[in-house]
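Student: I have a model open and some labels to check. Can we test each label against its cut-off?

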Amino acid sequence: GTPLPKLWPAILAFYRDWCLIPPPPPDAARSLDEALREVSASSIASKLRGRDAVEYLLATLEALRHPHGRHGEPRVFIGTGADAALLRFRAVRVMGAVEGVIPGAPREDPILPDAARLWLNERTPGCLLATSADRVLRETHEVFLAATAAGERLAVSAARQWVDGTEHELAGAMLETAVALGRPGDGGERELVPSLGSLRRLYVGPGNAERARRDAEQPATVRSALRLVARADDGHGAHAVHPAWLVPADALLSLSRLRAIAAERGSAELLRSDGFLGPLAAGLALPGLAAERGISASALGVLLACPHRYLLDSVLSFKPREERLSLREVEQPHYGSLVHRVVERFFRAHGEAFCRRERTLAEWRRIADEAADACFLEFLREYPLAGDGAVEAQRQRLRREVGYLVRAEWDSGTRLTYGNVEVSFGYPAAVPLAVDGGTLHVQGFIDRLDRATVGLVVRDFKTGKQKAREETDVDPVVDAQIGLYALVAPGLMGGEKVARAAYIYPVAAGDAERAFEGAELEDLLRRAREWFGLARELLAARSFPHTADAKRCNYCAFQAVCGTDGAAVSQRKLAAAAPSSVAARFAAIQRATEADDAD
Ligand code: SF4
């Protein structure tokens, strides 16, 4: 029931704070603010309250016009069907007329799902909230209005292959357009409803033929240009290319440069295209080499798994396209961060009492459930889950897995004096760590650092698949993190020795730890110094070889950069590297392991 003069400033403030919009002009909020200022000042505006006030705002916004050019001048308007509703055009092109796009696949609003909308519609007089099915119907109508707005020419285009690489069939709107046009077939007969074959022959075919004709004259896409080159055979198998494609020789897309890269890959030497940048990249600022910027455990894991991936992702900041988040479950790395948040909250509040066993395990699990619920509630403000079912399932998942972690610590058999949780190191100045051959500067957070009678106990909580010692031996990618924490911990605790270092996994039953103690811990620390020494050398030499293990490429977003044979080429070249060189030592630690989670 908030009146318009109060409601509008609140909406405007929310819009300015939270909405990501293209930069003005036009500044729609400002235009609307100007349009409303006079109305809001009048006494009658206070009578517009709640929903009526919102509807007034919407009507005013939709009636706003941003003047651009003179009426009657030729213009191209690009927008959605809704934007074009009720406008008239000489020519209209509807793009992307494929199934699942026009109209879009029904998607529930994660904030206010369909069930909640229907519930509100039933119980609130005058409330008519649109559901996902209504949205599909509305989009269909909007496309119809856009198509019928064309005065002289209508083109409907449909890319068979969509931007994500999937293949799509023609949208129903194409068929409806064909029914309305009723083009006669070759024999002059008209089909009331054209078959798919007729649709392709009579409607899609002529469009494709026209596009091919134009591409032959002047290619508009890279693909059509390449087709032209492929066809320009001089009769002896050689294909002439436009001279501009070869100069300047070191231009990004120069064929000369691309040929040189191909030749480098074919050679036996480890060269620039293999990631061995050398003095050329001396100016590249890299973490780990100086106290100003430490390297983290997760970055070390990536560097040791595939230095080239580390170069592309962490150094050059080539980020793969972000996938849309799943609305049904909390994805990694968000889930891992959420679990860490809960564990941190639980142990910060109850760590000492928990270690003294002041309550029973069942009581601690109930308290952990409360911490999980509180963190999950906060988390829902940041992550969209669709529907009450998904929210409840993820809440239960979180409670269950946090409960497993709490139980794993309870059952571990080691009596601890509580130390701390999320212990930071290397901030603001990175910690200098003695590694084989020099010093590596590191920083990060240790999940748990406690004391037992025999020495320090270092633990890291995991949320991914368990990697038991029996199945996966000591491995640079899997164990870099716990190895680093075990090396750093004594410096944080007055020089005390680490007696045990372990990952803890949320498993329903059985051994939940991947633990190192005694001689195994000594072996881990020795190997960790060796791995990190190698990492330091790779960074210092600006050498970023591709992994030699093709399995690591399976889920890597940079396959398009490295090619499908990137690992095979690397394996061949690394095998030929001089013994004891940094390349040969990197080859020696390459082993197949599954990618670890980001927690
Ligand atoms: S595709 Fe393979 S070689 Fe290339 S960056 Fe990824 S893991 Fe490394």
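Tutor: We take the labels one by one; note that the model is predicted.

Student: What makes H1 and H2 roughly antiparallel?
Tutor: The axes of H1 (residues 4-18) and H2 (residues 28-41) cross at roughly 165°. Angles over 145 degrees count as roughly antiparallel. The two helices are therefore roughly antiparallel to each other.

Student: Which hand does the crossing of H1 and H2 have, and how far apart are the axes?
Tutor: The crossing is left-handed. The axes come within 11 Å.

Student: Which residues of H1 and H2 make the contact?
Tutor: Contact means heavy atoms within 4.5 Å. H1 contributes Leu 4, Pro 5, Trp 8, Leu 12, Tyr 15 and Arg 16. From H2 come Ala 29, Arg 30, Leu 32, Asp 33, Leu 36, Val 39 and Ser 40. By class, this contact has nine nonpolar, one polar and three charged residues.

Student: How do you know that strands E4 and E5 pair?
Tutor: Pairing needs at least two bridges. E4 (residues 431-435) and E5 (residues 438-442) have five bridges, in the antiparallel sense. One of the bridge partners in E5 is His 441, which faces Pro 432 in the pairing.

Student: What do E4 and E5 form, and what is the phi of Gly 437?
Tutor: They form a hairpin, with two residues between the strands. Gly 437 lies in the turn and has a positive phi of about 85°.

Student: Where are the domains, and what separates their centres?
Tutor: Domain 1 covers 4-63, and domain 2 covers 297-303 + 323-537. Their centres, taken over C-alpha atoms, are separated by 48 Å.

Key: Residues are numbered from 1 along each chain as its sequence is written. This is a predicted model: local features need pLDDT of at least 70, side-chain atom pairs count only at pLDDT 80 or more; totals for chains, interfaces and linings use all residues. Side-chain values use heavy atoms; hydrogens and water are left out. Domain bounds come from an automatic or database domain assignment. Axes are lines fitted to C-alpha atoms, for helices over the stretch in contact, and angles run from 0 to 180 degrees between N-to-C directions. Helices (H or I, at least four residues) and strands (E, at least two) are DSSP runs, numbered from the N terminus. Angles under 35 degrees count as roughly parallel, over 145 as roughly antiparallel, 65 to 115 as roughly perpendicular and the rest as oblique. A crossing is left-handed if the near helix is turned anticlockwise from the far one by less than a right angle, and right-handed if clockwise. Ala, Val, Leu, Ile, Met, Phe, Trp, Tyr, Cys and Pro count as nonpolar, Asp, Glu, Lys and Arg as charged, and the others, Gly among them, as polar.
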